[in-house]
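Okay, thanks for making time, everyone. Let me put the structure up.

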Amino acid sequence: VTAETLLFFVALLQGGSIVVLIAVLLANRWLRRRRRDRVAPRRMVLDEAIKGWALGDVGPELVVRGLEALPRSDAVEAMLAWSVRLTGERWRALAEALELRPWTTRLRGAVRSRTWWRRLEAARFLSVAATGADAGVIERLLKDPHPAVRIAIAVALEQFATPRLVNIVLDRLPDMVGPVQAHYAAVLRGQHAVTVPLLTERLGLVYDPGLPRIVEFSGRMGDARLREPITALATHRDAEVRVQVARALGDYPHARTVTVLRTLCTDSAWEVRAQAVRSLGRIGDAATLADLRSRLADAEWWVRLRAALALTRLGAAGRDALLLAETGAQPDARYVSRLILGLSPQALSEFAA
Amino acid sequence: VNAFIHGFDAAVVVYFVFLNSFYALLLILALPEIWEQSLLAEDEDLVRLQEVGAPPPISILVPAYNESATIKASVTAILTLDYRHYEVIVVNDGSSDDTMGRLEDAFDLYEIPSTYPETLSTSPIRALYRSRTRPRLLVIDKENGGKADSLNAAINASRWPLVIAVDADTLIEPDAMLRLTRPFSLGLRIAAVGGTVRVANGSVIKDGRVVEPRVAPRFLPGIQVVEYLRSFLYGRLGWNRLGGNMIISGAFGLFRKDHLLEIGGYRTDSVVEDFDVVVRLHRYMLDRRLPYSITFVPDPVAWTEVPETLAVLGRQRERWHRGLILTMWKYRHMMLRPRYKRIGLLGFPFFTFGEMLAPLVEVMGYLVTVLGLWWGFINVSFALLFLLVALGYGMILSIWGILLEEVGFRRYRRAGDLVRLLCYAALENFGYRQCTVWFRLKAFWSAIRARKTWGRMTRTGFAAAGTGTTS
């Protein structure tokens, strides 16, 4: 075979490939349109059935039939969309009606799939249609290696937060980034009865390397019963734990909290001091005025800024303190006070967020 | 002479085969990647994360130099994004036009004192402004120091842990931020993430939003639609799989601020600060053996106005290629070093030999083939067949990019747009490609002369009189 012949065949192959690619492009358009034309009317029927069922005009069978008429992915999508609007007993009745249908059995079986997108589809479905019998499946999905699957199934905890399942979440906290942690906290906030005792127990494990994340998570939960165990960690030797304690306590206005935060205002780590003054600002106790004023002269810029911002939240007394510092002898305090006093209320609220 | 010409031709063929095989590899790798990404893109959990306020807060940095034509529309679009926690920092980089005046009029600005330490050194700041109507907005008016300098000034003023650099001539889709933060929300160890930049020319734009994407009917911007699709939808997706994404578009790239500060921010002496910062980020993370990834997510979209004249296009492409040459040269110590893993062993060789030297090889190929034909050393039919195969390959890559767009996202819904895309994919190889080769070739000369100019970009603005379109 000469080079020229080879090139000729390559050119032919390329021509063929171009024709195939264009054919795929056109076929893709046609198939999509066909699918849309087929699915859209069925979706409308389903939406009408769900509306009727929500009003009590029809039974759940009609909704189940509507879901079965859709392709599986569209049915799951429709359920996710409606689950936001319809909750409680009525939705649970639908989940039970769906439990033994062949397509939902197949979806539940997909939690063992080797492909993550099948597991994700199962997780999405179970997040809104799990029943009491699904605890084992939920546990498996909470431990799934793919993060999207774990995030999807988290919503199921709103209904089925058992100590075992919540412990799986808490075990994973050190590896979770802020947004995912916030998502779990939002989901578990309605499950205090299960979550708070488990968190209290973990807050007592002072040598646990994952303690900072536990404290952070406890802060997000905002349950008054967690205040005391969080406060007890204010003298922890790990600065990161103290940072999280100082931050979390801002959500727990209490005389004891204020005392602890005042101590943390003089912590050796500036990150702790910055969080402590921020939290004092959030609590807004006039008795802390002197502590905040003294932090205006802190060695660290961020602590000074946070202290000045905190003072703006103490009303006229805080403003007077800033005005005094603006003309005072301490240059750092003078500068930061001038900065903050120059901000509009709008900008202040932005900064204080 | 005969031996030389044949030898050179053989070398060009080998180069051609290697390069195109690598492109084919990227193309194949892009398939599972786009499949996974489009599945995640449809994920309703993103919306749920938004509802509970979980997505991380972001500072959007908008450097603006002589952007009076587009500044109001683009900042308005950014200020109305579908995202809960973000601030917008616009930096007027000593514009000589009315950019600052437009900002003052549009957003009712008032001066405020500086409330942050200058971590990265920048050109002097003239003043800082907040808006009475848009509390999220902060405007920095500073002396001219270039785009990198503006970004550094904005990083100094930013409050949030993630920063995104957005060009002032870019229109961001409302849900783009939510989509762009998906890798962070999934808990991946991300150092930076880039989204897709698409061509806005020709699309219907209303209130700073692309409401109906269209393929520009004019030849030059139309061809760039195909070019951008190809570059983003299989080039960068393929690199995701290879673990070495080296380009995060400066027009739309999200970074962890702590990493940016650790590497000293953007370099003001680079003409392609986005490429430079990503290479330095790779080097920093790999030197310290820190776990990280720099990834590309295709579904968040930003729309940009591309050059409509050859002169402006030439300046842009010359600068891009000059930046590539200078960056490759500057960080040449990373080349083929196992310490730098896939970046050193795969990314650098590809960008040096496959991208940087490509115009040189192509021009040499044209020249030697013409000479060979002239002197009768090369068979005419062979030369024509080779040219046909080379052009055919380019066409396949372009159509593949269009196919990925159709399968994954399908923004261009009109049949006419699809036809246009296919026509441009075919026409791109006749004239346009040779022009870009010439522009890139000129970059070698300017790189040797160490020019640091950017070249002027002429913008028509996103709302051309009365029509609401860019063309």
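Let's start in chain B, where the side chains of B:Arg214 and B:Glu212 meet in a salt bridge, 3.1 Å from N to O. By salt bridge I mean a side-chain nitrogen of Lys or Arg within 4 Å of a carboxyl oxygen of Asp or Glu. B:Arg214 is partly exposed at 24% relative accessible area, and B:Glu212 is partly exposed too, at 29%. On those words: buried is under 20% relative accessible area, exposed is over 50%, and partly exposed is in between, with a 1.4 Å probe and protein chains only.

Some housekeeping before I go on. This is a predicted model, so local features need pLDDT of at least 70 and side-chain atom pairs count only at pLDDT 80 or more, while totals for chains, interfaces and linings use all residues. Residues are numbered from 1 along each chain as its sequence is written, chains are lettered from A and ligands numbered from 1 in the order in which they are written, and side-chain values use heavy atoms, with hydrogens and water left out.

Another one in chain B pairs B:Lys147 with B:Glu273, with the closest N and O atoms 3.3 Å apart. That pair links distant parts of the chain, 126 residues apart: B:Lys147 sits in helix H5 (residues 147-157) and B:Glu273 in helix H10 (residues 273-287), both of chain B. Helices here are DSSP runs of H or I, at least four residues, and strands are runs of E, at least two, numbered from the N terminus. Are these two buried or exposed? B:Lys147 counts as buried at 16%, and B:Glu273 is buried at 2%.

Over in chain A, A:Asp223 and A:Arg225 meet in a salt bridge at 3.0 Å, N to O, and A:Asp223 is buried at 7% relative accessible area.

Now, the interface. How many residues of chain A are in contact with chain B? The count is 48, against 57 residues of chain B, where contact means heavy atoms within 4.5 Å. The area buried between the two chains is about 4800 Å², and carbon and sulfur atoms give 67% of that. Buried area, by the way, is the accessible area (1.4 Å probe) that two parts lose on being put together, summed over both.

The rule finds 1 salt bridge across this interface. A:Arg29 forms a salt bridge with B:Glu406, the closest N and O atoms being 2.8 Å apart. On the chain A side, several helices give two or more residues, including H1 (3-54), H6 (116-129) and H18 (301-312). H1(A) has the largest share, 17 residues.

B:Cys423 is partly exposed at 38%, while A:Cys265 is buried at 1%.

Last stop, A:Phe125 in helix H6 of chain A. A:Phe125 counts as buried at 2% relative accessibility. Leaving aside neighbours within four places in sequence, its contacts include A:Val76, A:Met79, A:Trp103 and A:Arg108. A:Asp285, on the other hand, is 160 residues from A:Phe125 in sequence and 47 Å away in space, C-alpha to C-alpha.

That's my tour; questions welcome.
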